Amino acid sequence: MIQVENITKRYGNFTAVDGISFDIDEGEIVGFLGPNGAGKSTTMNMITGYIEPTEGTIVIDGYDISKKPKKAKKEIGYMPEGVPLYSDLTVKEFVTYMAEIKKVDRKTRKEKVEKIIEETGLKDVEKK
């Protein structure tokens, strides 16, 4: 679960995000819609811990991202629009590489990678 409470992000006198709050329940799929400059990317960057909010709190599965960033980030998977893909890796190799970066336990990594590939509908292209 993700809980966003009254987060604001300011850059000097410019307010990029102004006091937003929302909850996302486990299994819920949401999206941010809005014009360029509306604060969508800034909000995602705060939720993922890439930048800190000027005000407010973000809790990921019970962990405040400002106070327990490692534990909170272990609960998040996020692929931004401009994700760096490695064209020399197959889909399966790329997902495995990401699992290694996220420190998925080596004993269960293969099984978890297979599960993610299946759940995301990538089975037909896993070798491409």
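The model is predicted, so local features need pLDDT of at least 70 and side-chain atom pairs count only at pLDDT 80 or more, whereas totals for chains, interfaces and linings use all residues. Residues are numbered from 1 along each chain as its sequence is written, and side-chain values use heavy atoms, with hydrogens and water left out.

Helices (H or I, at least four residues) and strands (E, at least two) are DSSP runs, numbered from the N terminus. The axes of helix α3 (residues 91-101) and helix α4 (residues 106-119) come within 10 Å and cross at roughly 125°; axes are lines fitted to C-alpha atoms, for helices over the stretch in contact, and angles run from 0 to 180 degrees between N-to-C directions. Helices α3 and α4 are therefore oblique to each other.

An open sheet is formed by four strands in the order β2-β1-β3-β4, with antiparallel pairing; two strands pair if DSSP finds at least two bridges between them. The edge strands, β2 (14-24) and β4 (63-64), each pair on one side only. Helix α1 (residues 40-47) packs on the sheet and touches β1, β2 and β3, contact meaning heavy atoms within 4.5 Å.

The structure holds one aromatic pair. Ring centres of Phe-22 and Phe-32 are 5.8 Å apart and the planes stand at 70°, so the pair is edge-to-face (rings of Phe, Tyr and Trp, its six-membered ring, pair if their centres lie within 6.5 Å; planes under 30 degrees apart count as stacked, over 60 as edge-to-face and the rest as tilted).

Note on methods:
Angles under 35 degrees count as roughly parallel, over 145 as roughly antiparallel, 65 to 115 as roughly perpendicular and the rest as oblique.
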